[in-house]
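Me: Please take a close look at the part where the two copies meet. Begin with a single chain, then follow its elements to the contact.

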Protein chains: 2
Amino acid sequence: MARTDYFDDPAAPAANSLVVAVVVVVVDEGRILMLQRTDNGRWALPGGGQELGESVRDAAIRETREETGIDIGITGVIGIYSDPRHVIAYDDGEVRQEFALCLSARRIGGSLATSEESRQVRWVSHDDLDHLNASDSTRLRIHHAFSQGPPHID
Amino acid sequence: MARTDYFDDPAAPAANSLVVAVVVVVVDEGRILMLQRTDNGRWALPGGGQELGESVRDAAIRETREETGIDIGITGVIGIYSDPRHVIAYDDGEVRQEFALCLSARRIGGSLATSEESRQVRWVSHDDLDHLNASDSTRLRIHHAFSQGPPHID
């Protein structure tokens, strides 16, 4: 489905929906679990939409397992990202306001595996990250994960 | 609108919606900002639904101001409450799965004031809380607010 992202754009349409997404920063020996998305080729953190009937914690564990093959234990909250200036318009008329929770986690099992959604999966060092094609919001969440201090809230 | 709450009930209908709510534990000199709800007479924390076009932070500040007269600054995340076993059925067919974020905050101004939603507003000590009619989930969130440790996540 075609989508158009708007960031702080006065021409953006008004939001008519909000879906809870969760993304996870899984750290193992200082490296971060990342995947190359099949849909746009960019490197991203594992995550996706919370489904009705599951908790945020379970959504984080399920999405990470599906997209990377890794089993995780949740360790904390990195941030709540709910800036209404980011909206996504789909071609069926839905205009979704961004709402993402970012959790921290550790690896408890599994091994790297790709999926329909992930072309490559890798443990990424900070140096490697500088050379990967990743969005600003992915980089910001990783930065928040490694900052000391209370969770980010907007 | 009539509502029916289900907690871990096999007879509960399947959820068909999820709305992000935010509740706030505002602490001042060891006491907690609470209000007596007009709709059911119980003592509760300030909070309500996030509206499209606003962030979680702004929703927390707005709802606290509306319901209690107090202006707050957000200080942290107490928990993410997303247990799918709590659903609320409304008489228009909506079956909402609970999703609440609980934030901590400090008072930065304002003075206690009631509203259409709040019959009484008060700074409550822990001893007073024992004698107030408050729900188990309100008590649990206050307990989490005063526990040391990472945010609650389910």
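What percentage of the 154 residues in chain A is buried?

Reply: Buried residues make up 34% of the 154 residues in chain A; a residue is buried if 20 or more other C-beta atoms lie within 10 Å of its own, exposed if 12 or fewer, and partly exposed in between, with C-beta atoms placed from the backbone. The model is predicted: local features need pLDDT of at least 70, side-chain atom pairs count only at pLDDT 80 or more, and totals for chains, interfaces and linings use all residues. Residues are numbered from 1 along each chain as its sequence is written, while chains are lettered from A and ligands numbered from 1 in the order in which they are written.

Chain A has three helices and 12 strands, which are DSSP runs numbered from the N terminus (helices H or I, at least four residues; strands E, at least two). The radius of gyration of chain A is 15 Å, which agrees with the value near 15 Å for a compact globule of 154 residues (taken over C-alpha atoms; the globule rule is 2.2 Å times the number of residues to the power 0.38). Along the principal axes, the C-alpha atoms of chain A fill a box of roughly 45 × 35 × 35 Å. Of the contacts in chain A between residues at least 6 apart in sequence, 75% join residues at least 24 apart; a contact requires C-beta atoms, placed from the backbone, within 7 Å.

Now the contact between the chains. It takes 24 residues from chain A and 24 residues from chain B. On the side of chain A that touches chain B, α1 (56-68), β7 (70-81) and β10 (100-110) each supply at least two residues. β7(A) gives the most, with four residues. By class, this side of chain A has 15 nonpolar, five polar and four charged residues; Ala, Val, Leu, Ile, Met, Phe, Trp, Tyr, Cys and Pro count as nonpolar, Asp, Glu, Lys and Arg as charged, and the others, Gly among them, as polar. The copies meet through the same surface, because 100% of the interface residues of chain A are also interface residues in chain B.

A rotation of 180 degrees with 0.0 Å of shift along its axis superposes chain A on chain B, at an RMSD of 0.0 Å (least squares on the C-alpha atoms of residues with pLDDT of at least 70 in both). The two copies are therefore related as by a two-fold rotation axis.

In chain B, strand β7 (residues 70-81) runs antiparallel to strand β10 (residues 100-110), joined by 10 bridges; two strands pair if DSSP finds at least two bridges between them. B:Ile70 has B:Gly110 in β10(B) as its bridge partner. β7(B) also pairs in the parallel sense with strand β12 (residues 152-153) of chain B, over two bridges, and there B:Gly79 is partnered by B:His152.

The largest nonpolar core has 64 residues, and those with the most contacts inside it are A:Val24, A:Leu103, B:Val24 and B:Leu103. Such a core is a set of buried Ala, Val, Leu, Ile, Met, Phe, Trp, Tyr and Cys residues joined through C-beta atoms within 7 Å. Not counting residues up to four places away in sequence, B:Leu103 touches A:Ile153 as well as residues of chain B, including B:Val22, B:Val24, B:Ala60 and B:Ile74.

Terms used:
Two residues are in contact if their C-beta atoms, placed from the backbone, lie within 7 Å.
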